Amino acid sequence: RSCGLGRRMLLFLEAVGVAAGKTAIELTTVQHNTTAQHVFETVGYEALGLMRSPLGCSKVAAIAGTGTPSGFRDEIHMVHILDESRRSETLAALVLKRAQATVCSGA
């Protein structure tokens, strides 16, 4: 801890994403992990709100109805926009994703 490895890994991931032409990097983190949230924010991630994350299967499978979660956990949904020219469409897509996750969780 506190040696900067996590920050360096996030900066490397950002460089890979930019080189690959990606528009953004998104992640979720456990609500109470404020240390991780702070590290993400220091390298440019912004918190978008809570996302209901399935336990026991992937978000993609839960949203598609092909996986059966054993439960759900609220997590902080974060994004680091890599292509500012596509910010609006990226944020709109992530709002939709959070809404779909809420619907599949039955909340």
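These legends describe an overview and several close-up views of a predicted model.

The model is predicted, so local features need pLDDT of at least 70 and side-chain atom pairs count only at pLDDT 80 or more, while totals for chains, interfaces and linings use all residues. Residues are numbered from 1 along each chain as its sequence is written, and side-chain values use heavy atoms, with hydrogens and water left out.

**Figure 1. Overview of the protein chain.**
The chain has four helices and three strands. Helices (H or I, at least four residues) and strands (E, at least two) are DSSP runs, numbered from the N terminus. Along the sequence the order is α-β-α-β-α-β-α. The C-alpha trace spans about 35 × 35 × 20 Å along its principal axes. Of the 107 residues, 30% are buried. Buried means under 20% relative accessible area, exposed over 50%, and partly exposed in between (1.4 Å probe, protein chains only). Take the contacts between residues at least 6 apart in sequence: 68% of them join residues at least 24 apart. A contact here means heavy atoms within 4.5 Å.

**Figure 2. Helix 1 and the glycine that follows.**
Helix 1 covers residues 5-19, 15 residues in total. The expected span is 1.5 Å times one less than the number of residues. That gives 21 Å for helix 1, and its end C-alpha atoms are 21 Å apart, which agrees. G21 follows the helix, with a positive phi near 75°.

**Figure 3. The largest nonpolar core.**
In soluble globular proteins, nonpolar side chains tend to be buried together. The largest nonpolar core in this model has 10 residues: L10, I25, L27, A36, F40, V43, Y45, I76, M78 and L82. Such a core is a set of buried Ala, Val, Leu, Ile, Met, Phe, Trp, Tyr and Cys residues joined through side-chain atoms within 4.5 Å. Strand 1 (24-30), helix 2 (34-42) and strand 3 (71-81) each give two or more residues to this core. L82 is one of the core residues. Leaving out residues up to four places away in sequence, L82 touches E14, G17, V18, K22, T23, A24 and I25.

**Figure 4. The aromatic pair.**
A search of the whole structure finds one aromatic pair. The ring centres of F40 and Y45 are 5.6 Å apart and the planes meet at 55°, so the pair is tilted. Rings of Phe, Tyr and Trp (its six-membered ring) pair if their centres lie within 6.5 Å; planes under 30 degrees apart count as stacked, over 60 as edge-to-face and the rest as tilted. F40 is buried, at 15% relative accessible area. Y45 is buried too, at 4%.

**Figure 5. Surroundings of H77.**
H77 lies in strand 3. Its relative accessibility is 0%, so H77 counts as buried. The side chains of H77 and E26 make a polar contact of 2.6 Å. A polar contact also joins the side chains of H77 and R98, at 3.1 Å. The term covers a pair of N or O atoms within 3.5 Å; within protein, one must be able to donate a hydrogen and the other to accept it, and residues adjacent in sequence count only if both atoms are side-chain atoms. Neighbours within four places in sequence aside, H77 is in contact with E26, L27, T28, E46, A47, L48, G49, M51, L94 and R98.

**Figure 6. The salt bridge between E26 and K97.**
Six salt bridges are found in the whole structure. Each needs a side-chain nitrogen of Lys or Arg within 4 Å of a carboxyl oxygen of Asp or Glu. E26 pairs with K97, the closest N and O atoms lying 2.8 Å apart. The pair links distant parts of the chain, with E26 in strand 1 and K97 in helix 4, 71 residues apart. E26 is partly exposed at 32% relative accessibility. K97 is partly exposed at 24%.

E46 forms a salt bridge with R87, with closest N and O atoms 3.1 Å apart. E46 lies in strand 2 (residues 46-55) and R87 in helix 4, so this pair ties together parts 41 residues apart in sequence. E84 and R87 also meet in a salt bridge, at 2.8 Å from N to O. Shared partners join E46, E84 and R87 into one network. Relative accessibility is 26% for E46, which counts as partly exposed. R87 is partly exposed at 25%.

**Figure 7. V95 on helix 4.**
V95 is found in helix 4 (residues 87-105). It is partly exposed, with a relative accessible area of 46%. V95 and M51 are 44 residues apart in sequence. Their C-alpha atoms are 9.8 Å apart in space.
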